[in-house]
Amino acid sequence: MSSQQVIALDIGATKVACAVAKHGEILGTGVVAYPARSASWPGDPQLIGRTIERALEATGVPGAEGRVTVALSHPELTHARVAASIELSDEPMPVRALDLARLRRHALSQALGIDREALLLEPLGFCGNGFEGVRDPRTLPTTRLHGTFALVSLPLALRQLITQATESAGLDLDRLVYSGQALAVACDDPEAAGRGTGESDRLLLVDIGGCSTECVLLERGHLQRSLTVPWGGMKAAEAIALRCR
């Protein structure tokens, strides 16, 4: 899998952006707008699929194929903080990776409805016997593990439509990620991490899309809060056009 190309898609309300990479090197990029504006986002999966094909062609990478990751934002994304606890044993025992996985599953089972799916579940901190606010509690002994997570979820119908759109373009969706998370990774500067203290360690990222705006607050490089505002560039253009008329 390491020698395979990676295709990254940013599927938005007005356009599709595509990047093809291999071994960490960008081979080509392309951005293509939809040929016609849709009354709702997302609209026709076939139309989105054809735009994905054109964006892939625009990268200039012949025969591009590989794992496909889609970054997504949408007005119907929901954001919440979720707390969950699990019992480990009667006597303190070291926290294991499988304990963290069990805690994540428990948090999701409490927070998600049957018609929604997690797009992002980011750990904010863990507590146990003798420790609090730890980001990685593995190997720390405790009898009970408590965790707090930032959860971003999306409707299952939205995932199904995006999956149909990528499949209609001849691609298999490997992973769907929150666009705010992708933006945070892109803006991460290892050289700047830990230089300052207080407010200088905080970074607010704002991504204004066609029909929604994503806000992500990072602290020391870690996500603290996120928010989707159901407002974007198309809303602004409509408001300006209405006033001009």
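Ser179 belongs to helix H4, which covers residues 179–186. The model is a predicted one, and Ser179 is buried in it at a relative accessible area of 8%. Beyond neighbours within four places in sequence, Ser179 is in contact with Ala71, Leu72, Ser73, Asp207 and Glu214.

**Overall architecture and confidence**

- The protein chain contains five helices and 14 strands.
- Its C-alpha trace spans about 65 × 50 × 45 Å along the principal axes.
- The protein chain has 245 residues, of which 38% count as buried.
- Taking contacts between residues at least 6 apart in sequence, 62% join residues at least 24 apart.
- The mean pLDDT of the protein chain is 88, with 93% of residues reaching 70 or more. Over residues 193–199, however, the pLDDT is below 50, and this stretch has two contacts in the model beyond near neighbours in sequence.

**His74**

- His74 is located in the loop between strand S4 (66–72) and strand S5.
- With a relative accessibility of 6%, His74 counts as buried, because the cut-off for that class is under 20%.
- The His74 side chain reaches the backbone nitrogen of Glu76 at 3.0 Å.
- Setting aside neighbours within four places in sequence, the contacts of His74 are Trp41, Pro42, Leu158, Ser212, Glu214 and Thr228. Glu214 is also among the contacts of Ser179.

**Pro137 and the loop between S8 and S9**

- Pro137 sits in the loop between strand S8 (131–134) and strand S9 (141–142).
- The relative accessible area of Pro137 is 0%, so this residue is buried.
- Not counting residues up to four places away in sequence, Pro137 touches Val95, Leu100, Phe126, Phe131 and Leu145.
- Asp136 and Arg138 meet through their side chains in a salt bridge, at 2.8 Å from N to O.
- Asp136 counts as partly exposed at 39% relative accessibility, and Arg138 counts as partly exposed at 42%.

**Aromatic pairing**

- The structure holds one aromatic pair. It is formed by Phe126 and Phe149 in an edge-to-face arrangement, with 5.8 Å centre to centre and 85° between the planes.
- Phe126 lies in strand S7 (residues 116–128) and Phe149 in strand S10 (residues 144–155), so the pair ties together parts that are 23 residues apart in sequence.
- Phe126 and Phe149 are both buried. Phe126 is also one of the residues that Pro137 touches.

**Salt bridges**

- Seven salt bridges are present in the structure. As a general point, side chains of opposite charge can pair when their charged atoms come close.
- Glu87 and Arg144 form a salt bridge whose closest N and O atoms are 2.1 Å apart. This pair links distant parts of the chain, with Glu87 in strand S5 (residues 78–87) and Arg144 in strand S10, 57 residues apart.
- Both partners fall in the intermediate accessibility class: Glu87 counts as partly exposed at 48% relative accessibility, and Arg144 counts as partly exposed at 38%.
- Another salt bridge joins Glu122 and Arg135, where the closest N and O atoms are 3.7 Å apart. Glu122 lies in strand S7 and Arg135 in the loop between S8 and S9, so the pair ties together parts that are 13 residues apart in sequence.
- Arg135 is partly exposed, its relative accessible area being 27%.

**Cysteines**

- A search of the whole structure finds zero disulfides. In general, a disulfide is a covalent bond between the sulfur atoms of two cysteines.

Technical notes:
Residues numbered from 1 in each chain as written. Predicted model: local features only at pLDDT ≥ 70, side-chain atom pairs only at ≥ 80, totals over all residues. Heavy atoms only, no water. Helix = DSSP H or I, 4+ residues; strand = E, 2+ residues; numbered from the N terminus. Buried < 20%, exposed > 50% of the residue type's maximum accessible area, 1.4 Å probe, protein only. Contact = heavy atoms within 4.5 Å. Phe/Tyr/Trp six-rings, centres within 6.5 Å; stacked < 30°, edge-to-face > 60°. Salt bridge = Lys/Arg side-chain N within 4 Å of Asp/Glu carboxyl O. pLDDT = per-residue confidence, 0-100. Polar contact = N/O pair within 3.5 Å; in protein donor to acceptor, adjacent residues only side chain to side chain. Disulfide = S-S within 2.5 Å.
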